[in-house]
Amino acid sequence: MKYRAPRGTRDILPEECRKWHFLEEKIREVSWKYGYGEIRVPIFDSTEVFARSVGEDTDIVSKEMYTFTDRGERSLTLRPEGTASVVRAYLENNLNAGPGPVKLYYYGPMFRYDRPQAGRYRQFYQYGVECFGSGHPAADAEVIKLTLDLLGMLGLEDVTLQINSVGCSECRPVYRRKLKEVLEHNREKLCRDCTGRLESSPMRIMDCKEEHCREATVNAPVMVDHLCPECSAHYAEVKEILNRLGIVGEENPRLVRGLDYYTRTAFEFVSTELGAQDSIGGGGRYDNLVEHMGGPTVPAVGVALGIERLLLSMDKTFLQQKKAPAVFVAVSSDDQLPTGFQAADIARKAGCTVEVELMGRSLKAQMKYAGKKGFDYVLITGQEEETRGIVTLRDMNTGQQEELPVSRLESDLQSVVKQTRNRKEEG
Ligand code: HAM
């Protein structure tokens, strides 16, 4: 084969797209239910937008961006994440002019030049929500609740919420100095990456998965023990609200996210099924970012979920989802096509997914095709059926056939839809 999709990218074929559509539908539904409006930002933005918001010293900006110079000598970058562009768009379009909160969601491809492996791609999709204008802990709790609602709608239960507070511009620098001092003593134990991080981002060492780094940080101080009174009260209130909503999180004092803009609450949703790339999504509060990007002081909080990782964990549950029956409409001859199309319309109205014979094959060949493609039912329309005002419904699982009067077809098929759903749910 001469050409292949670039490393870390892949084609999504029709069968898999059905799963994507299902997920996309749930994303729109949950966003709408929580009052989020969709925003579509460009797939590339000025490099500066990402460098300034995500942070120059982060892995994303220093190693993973797809940056290029266009013919007008501008430095542009394929978006590695959504928050930076959404903040840029929020300011550019004066979305802060009216009363808050302003609630925006986005869905689309992101690009990071990382080593590809299962669940990690160079082009991947994210669904994200950003809530601007509220510094209240209720906003943090609601973003977490929305995510859990979506995971519930997708049938994903083996997901743990990990939560932490990373402080603010008052308390974090003090803590960082302390942490750096402690880690300096263990410098020789740290991995190469973390030795570099000692200067630029010592907090990230706490999150390193390397055994030696873990050992070096066992007794290191953690941020939650060094929060200022305001951050401490904020964190306590987020946890209190979650608690009262019946949401159980796991406090992880080592959780530091890989992006620089977070303040106070930081959280991640971790799947117990995914192996190495186990973070299904993550987010947190970023109270300084809007100002840092040249706007007024606007507190904000958000989350983003990795679509491919959601789909990987949905593999099991998706099969159990209520599924509409797939119906094939077989026609005995081309004369029957109009009747076939009519029957197909009725079946679609009743909630089935329907395909009509388009190949001019014999009835026998059509039945063979329907069996091979895994249709649940075949609706047969023939000359004799037409004269009698009926269609024949064949259950492809049991081989049983019944005659349905055309006048009652829609309601009869509605019962079939219900039965099939129950059957698929049980099986
Ligand atoms: P993030 O943790 O960098 O946060 O990414 C969020 C999610 O995107 C990850 O948990 C993961 O599921 C998915 N993801 C990241 N990189 C890859 C990859 N290479 N392949 C597949 N999936 C990936 C953010 O991007 C922040 N903007 C989240 C946020 C929104 N914070 C506040 N608002």
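The following exercises, each with a worked solution, concern the predicted model shown above.

Local features are taken only where pLDDT is at least 70 and side-chain atom pairs only at pLDDT 80 or more, while totals for chains, interfaces and linings use all residues. Residues are numbered from 1 along each chain as its sequence is written, and side-chain values use heavy atoms, with hydrogens and water left out.

**Exercise 1. Describe the shell around the ligand.**

Step 1. Strands are DSSP runs (E, at least two residues) and helices are runs of H or I (at least four), numbered from the N terminus.

**Exercise 2. Which distances separate ligand oxygen atoms from polar backbone atoms of Ser 279 and Gly 306?**

Step 1. For Ser 279 the distance is 2.8 Å.

Step 2. For Gly 306 the distance is 3.3 Å.

Step 3. The protein covers 95% of the 660 Å² of accessible area that the ligand has on its own. Such areas come from the Shrake-Rupley method with a 1.4 Å probe; for residues, only the protein chains shown count as cover.

**Exercise 3. Is Lys 103 buried or exposed, and what does it form with Glu 142?**

Step 1. Buried means under 20% relative accessible area, exposed over 50%, and partly exposed in between (1.4 Å probe, protein chains only). Lys 103 has a relative accessible area of 19% and is therefore buried.

Step 2. Lys 103 forms a salt bridge with Glu 142, with the closest N and O atoms 3.3 Å apart. A salt bridge is a side-chain nitrogen of Lys or Arg within 4 Å of a carboxyl oxygen of Asp or Glu.

Step 3. This pair links distant parts of the chain: Lys 103 is in strand 5 (residues 102-111) and Glu 142 in helix 5 (residues 137-153), 39 residues apart. Glu 142 is partly exposed, because its relative accessibility is 27%.

**Exercise 4. Describe the pair Arg 257 and Glu 268.**

Step 1. Arg 257 and Glu 268 form a salt bridge, and their closest N and O atoms are 2.8 Å apart.

Step 2. Arg 257 counts as buried because its relative accessibility is 14%. Glu 268, at 15%, also counts as buried.

Terms used. A polar contact is a pair of N or O atoms within 3.5 Å; within protein, one must be able to donate a hydrogen and the other to accept it, and residues adjacent in sequence count only if both atoms are side-chain atoms.
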